[in-house]
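Open the model in your viewer and get ready to click along. Each stop tells you what to select and what is there.

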Amino acid sequence: MTDHLDTFRLDAAPMPDAHGRFGDYGGSWIPEVLVPVAGRIVEGWSAARTDPAFLQEFVGMCRSFVGRPTPLQVAPRLTAHAGGAQLLLKREDLAHTGAHKINNALGQVLLARRLGVKRVIAETGAGQHGVATATACALLDMPCVVYMGSHDIERQHPNVLRMELLGAEVRPVDEGQRTLTDAVSAAIRDWVADPDGTYYLLGSAVGMHPFPTMVRDLQSVIGHEARAQSLELLGGELPSVVVACVGGGSNAIGTFMPFAGDGAVELRGAEAAGDGIDTPRHSASVAAGSIGVLHGARTMLIQDDDGQVLPTHSISAGLDYPGVGPEHAQLAATGRATYTGVTDDEAMAALQLTCRLEGIIPAVESAHAISLALDIAAGRPASDTVLVTVSGRGDKDLATIMQYRAAHGVTSMNFADAGDDHHPAPGAPHVYA
Amino acid sequence: MSTRDLRAAFAAAAADGRAALVPYLVCGHPDADTTVHLVLEAAAAGADVIELGVPFSDPLADGETIRNATRVALDAGMSVAGCLDVVRRVRAAGATLPIVLMGYVNPLARYGVERFCADAAAAGVDGLIVPDMPLEESGELLAAAGSVELGVTFLVTPVTGGARIAQLAAASTGFLYCVATTGTTGARADVASSTVELLDRVRNLAGDTPFAVGFGVSTPEHVAELAPHADGVIVGSALVALVERDAASLAGRIGELVAATAVVGVR
Ligand SMILES: Cc1ncc(COP(=O)(O)O)c(C=O)c1O
């Protein structure tokens, strides 16, 4: 029996054009000092993604170190709760370090080693990419510095301790909103100071060419497995809808791309709507942004009329970013994928439901996807299937969850009632025997 | 006002036996009125060209001093249109020195590249520097700027290869900007020996495109050290910090910097 990893390829999706553009989006809007190193990474990745030896090493580590393939499982009680289509969970929360971020971090540290670079830097929001990078650097013996907004350091503290345990240096970023976008800027400024000696390990499918492509290629292991596992689980059928949360968009693009050629499969991204898309406090770049350039890419961006990037908000540090990967902007523009805002409240309700009904504590980021999947499932017949990527586990979020409960005056451990405003009541028939 | 005036300013300084002095200020720091006043003072103190930073919320290539000044300017309401207004006021007050705007691409794109170039030229701007727009992405800007005779400046750095330096010099319709060190803007204690090496390399590759050196250049001593190796010297963060601390002494400082641009002997 195959574990599906033997058919995985890093070059399954095409490279964008020479400028790194996906239609009108993407590109390489970078200071001249980064042009040579970006060129080397483009060349390095173009070669690595088609090199059987590189693929073999990556896949080998996915199996032995990450614990791939991650399971695809039916979620019987969430399905019953939604009362419509069957829900499938792609369990990236079971990947080593607790989120999909490790797929990308390992692949890129392998590339950094191949390029002969001696030092790795990264940004992190939720801390999962920082932990993944620190982990990959420990494994492959690279010094590692992680930039993290000081607001995120507060709300994702367990991950700071994990990074430090793994030997990384965590540098707080005290500028702007002190969140992910400021951490990306700080990391780029570090990179600019030593472009030849430093590898910048970007954690999402954002930024200048070739990061959106490289991160997509590496994270496509999620969708590749999920597609093959769906065919097995569903007797040769594919899911009707595939759902993932979108911060920068790495778990989403990795989930979507292997399904992109399956015209009948709907691709749905869950963006963070924070307090609501009609308020100023959200980070739904595709649903509520406009075209702009940030961190080296032309993409959908939350900005004002003067082109100044606006403050964003999400209860989840990992989705709290004003931009989005350029390929998502392109998928939205062509209509191949659709992006929907999920509020803090909706995500927290879905989080609680997933804990109680499935015995899984999802990351707050992932809970956005689950909330959208529940809504979609509720409106569809039992013969349909909605596959949702659970991008990570929620252990890192206990402080956020406690704060949320305190702010909402919830005293008991059970705040699931909020969820019943948004989703059909439990008791709908099980679709599985 | 045009590319021609910009090139003429470098030529005039050279004819004077000097490198051109190019002070950089953040437009709107601490407010628009002060910027208008400081530009006029800088011109009177002998600055050859003035570079005004158009504030952007996420200035990737800038160090702390300019980032903070940018934040102050934005909080005080500065915008792309506001920068053009500052230039208009400076021109109305009679300043004739070339003015170059340095702005990140997003605010300019949001304003509309073509419209921006037209309005900038009409306001009295002579040139543009867009530090996050590499040559490969610059087609639209070059066309729009060219049609209104705005000079476009590209940047070269210590890690830029020879062939690309030549290419960027040839593409620069304004002057060529030599970034003295890798890293962001910000005052530095010394001039790196690699900076002089870069400039001597550029001298051989730039053809007749004038080139100026900036990033980290802070004191009259730095200026004196670099002036023999470049057509112009840009002083940014050190002056922005001075505006922050003691704006009244800016003109005097610019006078000292201009005095340091004299090139002793022949190149
Ligand atoms: C668990 C989890 N899910 C999702 C994200 C969002 O990132 P992306 O959109 O790149 O998948 C993060 C980011 O930190 C995360 O930690």
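Start by selecting Gly247(A): one of its polar backbone atoms is 2.7 Å from an oxygen atom of the ligand, a polar contact (a pair of N or O atoms within 3.5 Å). Now pick Gly249(A), where a polar backbone atom also lies 2.7 Å from a ligand oxygen. Next, show the side chain of Lys101(A); a polar atom there is 3.1 Å from an oxygen atom of the ligand. Taken alone, the ligand exposes 390 Å², and the protein buries 98% of that (Shrake-Rupley areas, 1.4 Å probe).

A word on what you are viewing: this is a predicted model, with local features needing pLDDT of at least 70, side-chain atom pairs counting only at pLDDT 80 or more, and totals for chains, interfaces and linings using all residues. Residues are numbered from 1 along each chain as its sequence is written, chains are lettered from A and ligands numbered from 1 in the order written, and side-chain values use heavy atoms, leaving out hydrogens and water.

Now select everything around the ligand: 18 residues, each with a heavy atom within 4 Å. Among the closest are Ser204(A), Ser250(A) and Ser391(A). By class, this shell has 5 nonpolar, 11 polar and 2 charged residues, with Gly counted as polar.

Finally, colour domain 1 (31-67 + 100-212) and domain 2 (72-98 + 220-422) of chain A, bounds that come from an automatic or database domain assignment. Each domain gives at least three residues to the ligand's shell. Their C-alpha centres lie 23 Å apart.

Conventions: A polar contact is a pair of N or O atoms within 3.5 Å; within protein, one must be able to donate a hydrogen and the other to accept it, and residues adjacent in sequence count only if both atoms are side-chain atoms.
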